[in-house]
Amino acid sequence: MKFLRTLFKWVIAPITILLILLYAFKLGYLLKAINTIYFNGHTTAFLDDYKQFDNHTIEDGIAQPWPIHSGYNSKNTTKNLQKLNDKFGTIAFMIIKNDSIWLEEYYDGYTKDSHTNSFSMAKSMVSAMLGRAIMEGKIKSLEEPVGNYFSEFNNGIAADLTVGDLSSMASGLNWDESYYSPFSITTRAYFDNNLKELMLGVKVVEEPGKRHEYLSGNTELLGMVISKATGKSLSEYLSATFWQPMGAAHQAFWQIDSEENGMEKAYCCIASNARDFARFGKLYKDHGKWKGQSLLDSSFISKSITPRFKESPQYGYGWWLLDHNQKKFFMMWGHLGQYVIVNPKDNIIIVRLGHKSSDDVDDTHPFNSDIYSYIDEAYNILTK
């Protein structure tokens, strides 16, 4: 009995008090974070973590395989690219030129059929879904107020918040974009089991539409608007409007907050493969057309890959914009170095997926340095 009393006093009671405090201060999500991330040997979200969450399925249709170039994989990876791949844990590297796969390599047990988390590359897909909803008349325009869908954004400066502000990262929301802080709202959103409740509690604290600030909460709120406007879950709408028409080879998975609520993490977390992610690069490269069918309006594409703000030339509407070696690129970009990089003029798409990136962004350099290196090495391979 003495042992049991001691055990209760020094182990069970403190743990019980800690659990009560966590839930009292709405920090219960930390338990899920610890179990999902740290107990799997990681310190942040990881490529295969979609298996640890509930997911909605993005259904595929009739597959449209990528054409394979006659010289497929005939050119060796450069030494510099191999060093990059080893250093940052690349699991997929692919070069598509003139809509044919020229080079395709996989590492660490992954293949062309493997599913991995895309993280924030999903933001570009959600922006595409916004363009499609506008094209279908389900959302009026980029200028439509968010308050038309959620009354919580009908008062004060929040009434000026538009869906275009969300897509271009110009909302003025009080959102902390910290991936490694356990107490940031970004971390909470990743593990919370009720995203809608969380999102309807955020506030607009700066005048919307005035400046670019990258906030994942923007895309989460945008996803909620799209779902409400279309009457479909984001997974259903993405499947119907893009995944199936573009002939994705595999179904994909989109993380949701919980099985009970079933709301997608719109700002991230579509698990698919390099070939199917690349289809969005081709769609935007081809001005919204896919095999003669208009999936997006070309004017929306043009606006998406043009900077909204002169002071922030690195971002349009859901897509990153990069100038390098006197060439213009636009790209999808996800945590840990998930990239779909497109140069329309040269008709090139570069896809890189992996475990980590150089992670050396600062106020004067908005892009990871490894991005430039992957571009350089892809062009070196093509010109060998």
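Predicted model: local features only at pLDDT ≥ 70, side-chain atom pairs only at ≥ 80, totals over all residues.
**Confidence**

The chain averages a pLDDT of 92, and 92% of the residues score at least 70.

**Disulfide**

Next I asked how many disulfides the structure holds. I got one. Cysteine 268 and cysteine 269 form the disulfide, and I read 1.9 Å between their sulfur atoms. A reminder to myself: a disulfide is a covalent bond between the sulfur atoms of two cysteines.

Which hand does the disulfide have? The torsion about the S-S bond of cysteine 268 and cysteine 269 comes out at about -75°, so I put the disulfide down as left-handed.

Are the two cysteines buried or exposed? Cysteine 268 has a relative accessible area of 3%, so I count cysteine 268 as buried, the cut-off being under 20%. Cysteine 269 is buried too, at 0% relative accessibility.

**Largest pocket**

Last, I went to the largest pocket. I noted about 780 Å³ of space in it. The lining of this pocket is made of 25 residues. Which of them lie nearest the centre? I wrote down Tyr214, Trp320, Trp333, Val361 and Pro366.

I also sorted the lining of the largest pocket by residue class: nine nonpolar, nine polar and seven charged.

Note on methods:
Residues numbered from 1 in each chain as written. Heavy atoms only, no water. 1 Å grid on protein atoms, 1.4 Å probe; cavity = no way out; pocket = protein on both sides within 12 Å on 5 of 7 lines; lining within 4 Å. Points joined across faces, edges and corners; volume = space filled by probe spheres on them. Nonpolar A, V, L, I, M, F, W, Y, C, P; charged D, E, K, R; others polar. pLDDT = per-residue confidence, 0-100. Disulfide = S-S within 2.5 Å. Buried < 20%, exposed > 50% of the residue type's maximum accessible area, 1.4 Å probe, protein only.
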